[in-house]
Amino acid sequence: MRTDSTHQPNTERAEHEPLAKGAPRPDPLGSLGEVPWQAIKDSTGSATAVPRLLSKIAWGNQDTADAALTELRDRICQYGFVVHQATAAVVPYLWDLAQLPQVKVRPRIIRLLAAVAEARQWETTAAAYPKLLNHRENHVVWERAARQAVHARRGHVRLLLTERDPEIVTAAKELARKLGE
């Protein structure tokens, strides 16, 4: 049986500073085509569905965005605490979408970022079963990369805390707490 290496494909996007309110925003999904989704795994296998789901979250109505975010969460943060290889690649897009007023599911996106920031399922399991670290598919590496991706944009929390929507502010406070902000 063939397994994937622990190598994380280069899925890094240029770091964006948080934009001031009212500033023009670039297309939050403009670089989706630059990520090798077919080579990255989510909970279902290949992460090729991720761009479609992110588009539905970004541009869909409430029901469409809700359904897409539920499916995306199941793929990248299964059960709310098990991350996968694709998670680190998705996190920057989630940060960007959480900033956009037209996105209908912003509080849920922020809560998903908090769940990823707190994920330690594989790390905890590897502490009890160190042989897990010897597998070619090193889930601990994926989990750490996902947490680092959330932490890399922690400066964006400040803008979320100034939102008028109390649900966004509440979710942002929880995320800030989990990030140690």
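Colleague: In helix H6, how many residues apart are Arg 147 and Glu 143, and about what part of the helix separates them?

Modeller: This is a predicted model, in which local features need pLDDT of at least 70 and side-chain atom pairs count only at pLDDT 80 or more, whereas totals for chains, interfaces and linings use all residues. Residues are numbered from 1 along each chain as its sequence is written, and side-chain values use heavy atoms, with hydrogens and water left out. As to your pair, Arg 147 and Glu 143 are 4 residues apart in helix H6, which means that about one helical turn separates them; helices (H or I, at least four residues) and strands (E, at least two) are DSSP runs, numbered from the N terminus.

Colleague: What do the side chains of Arg 147 and Glu 143 form?

Modeller: Side chains of opposite charge can pair when their charged atoms come close. Arg 147 and Glu 143 form a salt bridge with 3.6 Å between the closest N and O atoms, the term requiring a side-chain nitrogen of Lys or Arg within 4 Å of a carboxyl oxygen of Asp or Glu. Both Arg 147 and Glu 143 are buried, where buried is under 20% relative accessible area, exposed is over 50% and partly exposed is in between (1.4 Å probe, protein chains only). Through shared partners, salt bridges also join Asp 42, Arg 52, Glu 71 and Arg 75 into one network.

Colleague: How many salt bridges does a search of the whole structure find, and which parts does the pair Asp 42 and Arg 75 tie together?

Modeller: The search finds 11 salt bridges. In one of them the side chains of Asp 42 and Arg 75 meet at 2.8 Å, N to O; because Asp 42 lies in strand E1 (residues 41-42) and Arg 75 in helix H2, the pair ties together parts that are 33 residues apart in sequence. Glu 163 and Arg 106 form another, with their closest N and O atoms 2.8 Å apart, and this pair links the loop between H7 and H8, which holds Glu 163, to Arg 106 in helix H4, 57 residues away. Arg 106 is buried, at a relative accessible area of 5%.

Colleague: Which residues have the most contacts inside the largest nonpolar core?

Modeller: In soluble globular proteins, nonpolar side chains tend to be buried together. A nonpolar core is a set of buried Ala, Val, Leu, Ile, Met, Phe, Trp, Tyr and Cys residues joined through side-chain atoms within 4.5 Å; the largest one here has 52 residues, and Trp 37, Leu 54, Leu 72 and Ile 109 have the most contacts inside it. The largest share of this core, 9 residues, comes from H3.

Colleague: Is H3 largely enclosed or largely open?

Modeller: H3 is largely enclosed by the rest of the structure, because 12 of its 12 residues are buried; these include Pro 92, Trp 95 and Asp 96. In the loop between strand E4 (82-83) and H3 lies Gln 85, which is buried at a relative accessible area of 3%, and a polar atom of the Gln 85 side chain lies 3.0 Å from the backbone nitrogen of Lys 41.

Definitions and conventions: A polar contact is a pair of N or O atoms within 3.5 Å; within protein, one must be able to donate a hydrogen and the other to accept it, and residues adjacent in sequence count only if both atoms are side-chain atoms.
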